[in-house]
Amino acid sequence: PAVFQQIQAAEQAAVPGAAAPAFAQLGELYAGLAEAAVAEGNAGAGERFYAQAVAAYSDGIHQGESAGTPAQDVAGLHAGLAALYRGRVVAVDGTSSAVYSELMTSEASSALQNLPADDARRAELERWQAEGLRLLLTDARRRGDVSVALNLIDRLANSSAGAGAADFLAEERQALVVRQALELLERGDRAAALALAGDAIADPALQAPGELRTLFASWAATAAMSEAGITLDIDVASLPDQVEAARAALEEVVKRWQEGAATRTAGAELQEKAGGDATAPLLH
């Protein structure tokens, strides 16, 4: 009953035009109820109280920005929201939530923009901001989203945590750029890959042994069926620096087909045609 009376009083105080602390008090009361409900095993009530706590802080931010409330007071509401979201970053099973990580990071960043330099909450908010960005970076790397990961590295570098992690962030950025370049290579866009990370992926010391390097950039096979049999055309584009090796390999394949007892009648031969900056052997 005592808490209920406090909430009633706080709701009456948190009206349009009210000061930011009124909304902060209402948010804190609902957040406390949410924690108590979860502790009692009432997850449904906990979710409802949690939503009301988020609404109280969010309403206070909206009201404050509309009424021209001092930015320092609104920053306190952002800090309260960041604390709420932080409680949801790590689930009961130990997994982290990218959604709540982003929400916590965003609210912590908004709070830090306007809190005084000597505010006691700054150190904790800066830690939450860095934690959130690192969790998001880990998630982006796990999903293979290089562009998002690079953006997160920029955000980390521009945050207060970036000053002490410059070397780490530089290494992470380089690793992501190389990964992006390798993906371009896999898609056959060698020029773009070299333009993006040429120094890193073209270093001879980093190349695989010659006998293990791929000879071809792409393959395209077309089969035509008729009463006379099946005609198979294979269009093979060699890599620019592997033209001679590719030609030799294909010639060896054709030779084996021509000499093999099972394939001697296949009529295999090797023809070549110009294909961009390299020869594209056409095997049929």
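**Aromatic pairs, a pocket and a helix face**

In this predicted model, Y100 has a relative accessibility of 22% and therefore counts as partly exposed, since the partly exposed class begins where the buried class, under 20%, ends. Y85, by contrast, is at 10% relative accessibility and so counts as buried. Y85 and Y100 form a tilted aromatic pair, with 6.2 Å from centre to centre and 45 degrees between the planes. Because Y85 belongs to helix α4 and Y100 to helix α5 (residues 98-114), the pair ties together parts 15 residues apart in sequence.

The whole structure contains two aromatic pairs. The stacked pair is that of Y30 and F49, whose ring centres lie 6.4 Å apart and whose planes make an angle of 25 degrees. Y30 is in helix α2 and F49 in helix α3, so that distant parts of the chain, 19 residues apart, are linked. Y30 counts as buried at 6% relative accessibility, whereas F49, at 25%, counts as partly exposed.

Helices α2 (20-39), α3 (43-67) and α4 (71-86) each give two or more residues to the lining of the second largest pocket. This pocket holds about 380 Å³ of space. Of its 15 lining residues, E35, V38, Y50, G87 and R88 lie nearest the centre. The lining comprises ten nonpolar, two polar and three charged residues.

An α-helix has 3.6 residues a turn, so residues three or four places apart point the same way.

Terms used. Residues numbered from 1 in each chain as written. Predicted model: local features only at pLDDT ≥ 70, side-chain atom pairs only at ≥ 80, totals over all residues. Heavy atoms only, no water. 1 Å grid on protein atoms, 1.4 Å probe; cavity = no way out; pocket = protein on both sides within 12 Å on 5 of 7 lines; lining within 4 Å. Points joined across faces, edges and corners; volume = space filled by probe spheres on them. Helix = DSSP H or I, 4+ residues; strand = E, 2+ residues; numbered from the N terminus. Nonpolar A, V, L, I, M, F, W, Y, C, P; charged D, E, K, R; others polar. Phe/Tyr/Trp six-rings, centres within 6.5 Å; stacked < 30°, edge-to-face > 60°. Buried < 20%, exposed > 50% of the residue type's maximum accessible area, 1.4 Å probe, protein only.
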